[in-house]
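I opened a new structure today and kept notes as I went. These are my entries, in the order I looked things up.

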Amino acid sequence: MGSDKLTQIPTQEDDPPNPTTALLSFNTTTTHHPPRPITTTLLLVTLLLTTAITLSAALAFAFLFFSSTTAEATSSHTPISHFSRPLQKLTHPVVILVSSDGFRFGYQFKTDTPNIHRLIRNGTEAETGLIPVFPTLTFPNHYSIATGLYPAFHGIINNYFVDPINGDSFNMGSHEPKWWLGEPLWETVANHGLKAATYFWPGSEVHKGSWSCPAKFCMNYNGSVPFEERVDTVLSYFDAPSSEIPVFMTLYFEDPDHQGHQVGPDDPEITDAVARIDRMIGRLIKGLEKRGVFEDVTIIMVGDHGMVGTCDKKLIFLEDLAKWIEIPKEWVQSYSPLLSIRPPSGYSLSDVVAKMNEGLGSGKVSNGDKLKVYLKEELPGRLHFSASERIPPIIGLVEEGFKVEQKGSERKECGGAHGYDNAFFSMRTIFIGHGPQFARGLKVPSFENVQIYNLVTSILNIKGAANNGTSSFPNTVLLPCKSI
Ligand SMILES: *[C@@H]1O[C@H](CO)[C@@H](O)[C@H](O)[C@H]1NC(C)=O
Ligand SMILES: *[C@@H]1O[C@H](CO)[C@@H](O)[C@H](O)[C@H]1NC(C)=O
Ligand SMILES: *[C@@H]1O[C@H](CO)[C@@H](O)[C@H](O)[C@H]1NC(C)=O
Ligand SMILES: [Zn+2]
């Protein structure tokens, strides 16, 4: 195999069994505080108009109504439409699914991002970001976006793992169909006799069903291909006669994940990487405009996960647990932020978990309180991370920004990481939909990326495979057709 660049989508997140990070607090979900001014106003009104109780109630409702309609953007030049817009030039809907790896929610405000904001202003945005699946790693998440399945069901439970049944190892260059369960969008499209085109996406090179990764429309991963070339190739698909234009395309950029690992999410290098992604979106929009199809094409821009800063004081060493239980490195399939352990048969799993947690909770292991170890069946159900043989039986959840390693080293550890609990706000990424079936200027609440599969099949008006998205979800985000 060649360098990482050629065989696998990069990501230093995947140092094989070696150091990395993890996280643990669950206090990051958005909570809604009632807008204070309303309460105050209400109080005043009630005090002043003691006899006019009904009036004050009406007022309160009016305030509440106006303060909660932020759902529909109010900027004057983006009228809200109520029905999907008819195609002008294309003969069928086309979806371009764009991924910017590690584009943490909020990065869109780091600098001027006029092109991304064009999509936001005239499209539909997850107001507080897109929620990744657990573990918040690149391969599990890209494949959840493509299949609508949680990793336990699509089989890509980590960026690398060992199949316990036959001992085979999966890594990011493994393209044998046996690893990749479920039905990704390009396969669904091909199964309907339609064309799909993939310019990189984890799993896209794998032959499944009617999808055989055709040379013309399926690029083999090569991280050295300039972003501009990727955009221009996707644009060139629109030069074909309308009936031959693939109905579904993917476009993948490694940035700003690449920089995020090295320097953490707050470095100016991230700002530059975000600006560059914005220029690529601008290049895509311009190219579509030049061909007269920008308003016809649906662009869905997402990321796979966010990023959080890590540093060398925030480490937990398994070696420090030796007094309670020895965890040899051969047992550990991944360290951080997803700690996964498979002891050899003969060991009592619950005994291993109990001894590890005893040590971690003893107060004698540095940062021990930042790691909690579970039998996978006992992980919080919201993580959906147990129903697969491939998931090792013991999983650790690490506090946000912390990392687990085997033992202390001299390595400098400041940078960034992801893979943590998907409840952490820092792990959120973006969702923007722009096209004939997306309302202009609409903000929708955050949702999990397993919903995207049904969204795409719904836009393309094809029947998808069974998955973990809710079948009614597309109706809550997409505009209805005028007819019917
Ligand atoms: C948004 O769409 C409207 C209606 O098509 C168009 O006039 C306007 O220029 C668009 N705005 C942006 C920022 O693209
Ligand atoms: C990868 O892309 C670079 C840049 O376009 C190119 O020079 C190189 O030959 C490609 N490698 C392979 C194996 O196709
Ligand atoms: C996810 O979808 C798969 C395939 O339909 C199904 O077998 C599984 O039970 C679903 N899991 C959850 C948690 O919904
Ligand atoms: Zn990633």
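**Entry 1: the zinc site**

I began at the zinc ion (ligand 4), where the four donor atoms subtend angles of 95 to 131°, which makes the arrangement tetrahedral. I checked that against the cut-off: four donors count as tetrahedral if all angles lie between 85 and 135 degrees. I note here that this is a predicted model.

Which residues supply the protein donors of this zinc ion? I found D101 (OD), T138 (OG1), D304 (OD) and H305 (NE2). They lie 1.9 to 2.1 Å from the zinc ion. Then I wrote down their spacing along the chain, which reads D-x36-T-x165-D-H.

**Entry 2: helix 5**

T138, one of the zinc donors, is also in helix 5. I looked up how covered this helix is. Helix 5 spans residues 138-147 and is mostly covered, with ten of its ten residues buried. Among the buried residues I listed T138, F139, P140, N141 and H142. Y143, S144, I145, A146 and T147 in helix 5 are buried too. What follows helix 5? I found G148, with a positive phi near 75°.

**Entry 3: the chain overall**

I stepped back to the chain totals. I counted 13 helices and 17 strands. The chain has 484 residues, and buried residues make up 56% of them.

**Entry 4: helix 4 against helix 10**

Next I picked a helix pair. Helix 4 covers residues 114-121 and helix 10 covers residues 268-290. Their axes come within 7 Å and cross at roughly 60°. Helix 4 and helix 10 are therefore oblique to each other. By class, I found five nonpolar, two polar and four charged residues in the contact of helix 4 with helix 10.

Which residues meet there? From helix 4 I noted P114, N115, I116, R118 and L119. From helix 10 I noted D278, R279, I281, G282, I285 and E289.

**Entry 5: F200**

I turned to backbone angles. Most residues other than glycine have a negative phi, and most peptide bonds are trans. F200 is not a glycine, yet its phi is positive, about 75°. I placed F200 in the loop between strand 5 (196-199) and helix 8 (227-236). At 2% relative accessibility, F200 counts as buried.

What does F200 touch, leaving aside its neighbours within four places in sequence? It is in contact with M219, N220, Y221, N222, V225, R230, T250 and Y252. I also took one distance from here. M249 is 49 residues from F200 along the chain, and their C-alpha atoms are separated by 9.7 Å.

**Entry 6: N461**

N461 came up in the search for positive phi as well. Its phi is about 60°, and N461 is not a glycine. Is N461 buried or exposed? N461 is exposed, with a relative accessible area of 69%. I found N461 in the loop between helix 12 (452-460) and helix 13 (473-477).

**Entry 7: cis peptide bonds**

I looked for cis peptide bonds next. One joins D255 and P256, with omega about 0°. P256 is in the loop between strand 6 (248-253) and helix 9 (257-263). Another cis peptide bond joins S336 and P337, with omega about -5°. P337 is in the loop between strand 10 (332-334) and strand 11 (339-341).

**Entry 8: two pairs across the sequence**

T310 sits in strand 8 (residues 308-310). T310 is buried, at a relative accessible area of 6%. How far is T310 from G416 in space? The C-alpha to C-alpha distance is 5.1 Å, although T310 and G416 are 106 residues apart in sequence.

I placed S409 in the loop between strand 14 (403-405) and strand 15 (415-417). S409 is partly exposed, with a relative accessible area of 41%. S409 and D312 are 97 residues apart in sequence, and 9.9 Å apart in space from C-alpha to C-alpha.

Key
Residues numbered from 1 in each chain as written. Chains lettered and ligands numbered in written order. Predicted model: local features only at pLDDT ≥ 70, side-chain atom pairs only at ≥ 80, totals over all residues. Heavy atoms only, no water. Donors = N, O, S within 2.8 Å, 3.2 Å for Na, K, Ca; no water. Tetrahedral: all angles 85-135°; square planar, octahedral: opposite > 155°, others 65-115°. Axes fitted to C-alpha atoms, helices over the stretch in contact; angles between N-to-C directions. Helix = DSSP H or I, 4+ residues; strand = E, 2+ residues; numbered from the N terminus. Parallel < 35°, antiparallel > 145°, perpendicular 65-115°, else oblique. Contact = heavy atoms within 4.5 Å. Nonpolar A, V, L, I, M, F, W, Y, C, P; charged D, E, K, R; others polar. Buried < 20%, exposed > 50% of the residue type's maximum accessible area, 1.4 Å probe, protein only.
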